[in-house]
Amino acid sequence: MSTEQTGAPGAISYTHASDPGHAFGDQLLDVVVVGGGQAGLAMAWHLVGRGLRFVVLDAGSELGQVWRSRWDSLTLFTPAQYDALPGMPFPGRADTYPGKDRVADYLQAYAATFDLPVILNSRVTELTQAGGTFEVHTSDEIFYARQVVIATGPFQVPFIPPSARGLDGSVTQVHTSAYRKPQSLPDGPVLVVGGGNSGLQIAQELVATRRVDLSIGTSAPMLPQRLLGKDLFWWLTRFGLLCRPADSRLGRRMQARGELVIGTNRRKLRRAGVTFRPRLVEAEGHIVRFADGSSLKVGVVIWATGYRSDYSWIHVPGVANDGHVVHRRGVTDVPGLYFLGLSWQHTRGSALLGFVNDDAAYLTDRIMTHHQSAPPAKVGAVLMEQLVEGPMSNSAG
Ligand SMILES: Cc1cc2nc3c(=O)[nH]c(=O)nc-3n(C[C@H](O)[C@H](O)[C@H](O)COP(=O)(O)OP(=O)(O)OC[C@H]3O[C@@H](n4cnc5c(N)ncnc54)[C@H](O)[C@@H]3O)c2cc1C
């Protein structure tokens, strides 16, 4: 596919839900993509190239909202040369680390450049299937499609452990998804709970101006951002570690090791003044207790404890069980229904900006195969008209 792709005959132009001109409710689309983050937009790029009639529905009021709402100082751990979606380089010199707003800007420019048919302010509240056609419900419309790609992101509902409920109401509690900057927290010491990238980066930022305790339940593997003058992703790519299938021996071992913490480590944080604590096991009033029996009085707690999935809106049997998607490389057992952008959907790269394209390309082939095997919508409509509506009106006459 050419990198000069600029929209396609089948595509419907980029619009907002409030625009009057996008009434598709009475038409059968080839595909609906749910979610217009990097995964949904990469998918859209491929679908445009294949001339399919489709829309991307996104809950946000602007593209890139997920990135824009992350904390102010967040910079990518993937350098610019590993942040591009198909067909458009990520702006910025190689080996520089873009800020999170640059990703939001890039996603907006990407959709505009390729005239991708995104409809904003369109949260999908229900997905059902009847007679081989998917019904995609938003608050004010129903879209009908032969195929659906769910690209709603790997990080959906902020997770806070149940022990948090024991804390006194006067303790300030913030999940990382709501954390913005040190100045927006009340003065005083902070307890950060969680030892992934978010917890360590936020602890590092806060310790410059206040006391920080960091509770880590499970130690993640930690690697420096740069090794022997090269970025970590250069090495990971070179050794093929980002494209090892999830079900390979190495893939399984990498998943079992957990999230990779990049660019910071315990020694660096300890030197900066962070006090390490083991797993938080209990919280009551203003006191939290840790697995080693120690305790701490807290006034501000940041929960860097991750996210859970929410697929409760999918009412198609056999697709999502307890928040876990049943799929093989994003392809579900329900013909025509796919996922894109899941963590470890196929490889470690599946949920990363610069690598989601591999899965998008794979799904495109599957979508095209299904599309070509499905009877064209127009034939169905003609048959309905002739065999159902026509004879009835004839006999009435
Ligand atoms: C703190 C943090 C730092 C990260 N840093 C990097 C990095 O440096 N490099 C990298 O490559 N990756 C990074 N990632 C991982 C990954 O790239 C991002 O999480 C990315 O946002 C995932 O893109 P996505 O398109 O799959 O999902 P999202 O960006 O979450 O987009 C999902 C979209 O779906 C929409 N949506 C959700 N539900 C619905 C619904 N029901 N109906 C309609 N629309 C819906 C949302 O509005 C959103 O626009 C980071 C992740 C986090 C959390």
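This is a predicted model: local features need pLDDT of at least 70, side-chain atom pairs count only at pLDDT 80 or more; totals for chains, interfaces and linings use all residues.
## Around the ligand

In total, 31 residues surround the ligand, and the closest are Gly 35, Gly 37, Leu 76, Gly 153 and Gly 341. Two elements each give two or more residues to this shell: helix 1 (38–49) and helix 2 (65–68). Helix 1 is the top contributor, with three residues.

## The nonpolar core

Now for the largest nonpolar core, which has 86 residues. Val 31, Val 32, Met 43 and Val 148 are the ones that touch the most other members. Helix 1 turns up again here, supplying eight residues, the largest share of this core. The core also draws on two domains, taking at least three residues from each of domain 1 (15–156 + 309–389) and domain 2 (160–221 + 261–304).

What is Val 32 in contact with, leaving aside its neighbours within four places in sequence? The list runs Phe 54, Val 55, Leu 57, Phe 134, Val 136, Phe 143, Ala 145 and Val 148. As a general point, nonpolar side chains tend to be buried together in soluble globular proteins.

The chain has a mean pLDDT of 90, with 87% of its residues at 70 or more. Residues 1–23 are another story: pLDDT stays under 50 there, although the model has 43 contacts beyond four places in sequence for this stretch. Residues 391–397 also have pLDDT below 50, and they have zero contacts in the model beyond near neighbours in sequence.

Technical notes
Residues are numbered from 1 along each chain as its sequence is written. A residue is near a molecule or strand if its C-beta atom, placed from the backbone, lies within 6 Å of it. Helices (H or I, at least four residues) and strands (E, at least two) are DSSP runs, numbered from the N terminus. A nonpolar core is a set of buried Ala, Val, Leu, Ile, Met, Phe, Trp, Tyr and Cys residues joined through C-beta atoms within 7 Å. A residue is buried if 20 or more other C-beta atoms lie within 10 Å of its own, exposed if 12 or fewer, and partly exposed in between; C-beta atoms are placed from the backbone. Domain bounds come from an automatic or database domain assignment. Two residues are in contact if their C-beta atoms, placed from the backbone, lie within 7 Å. pLDDT is the predictor's confidence in each residue, from 0 to 100.
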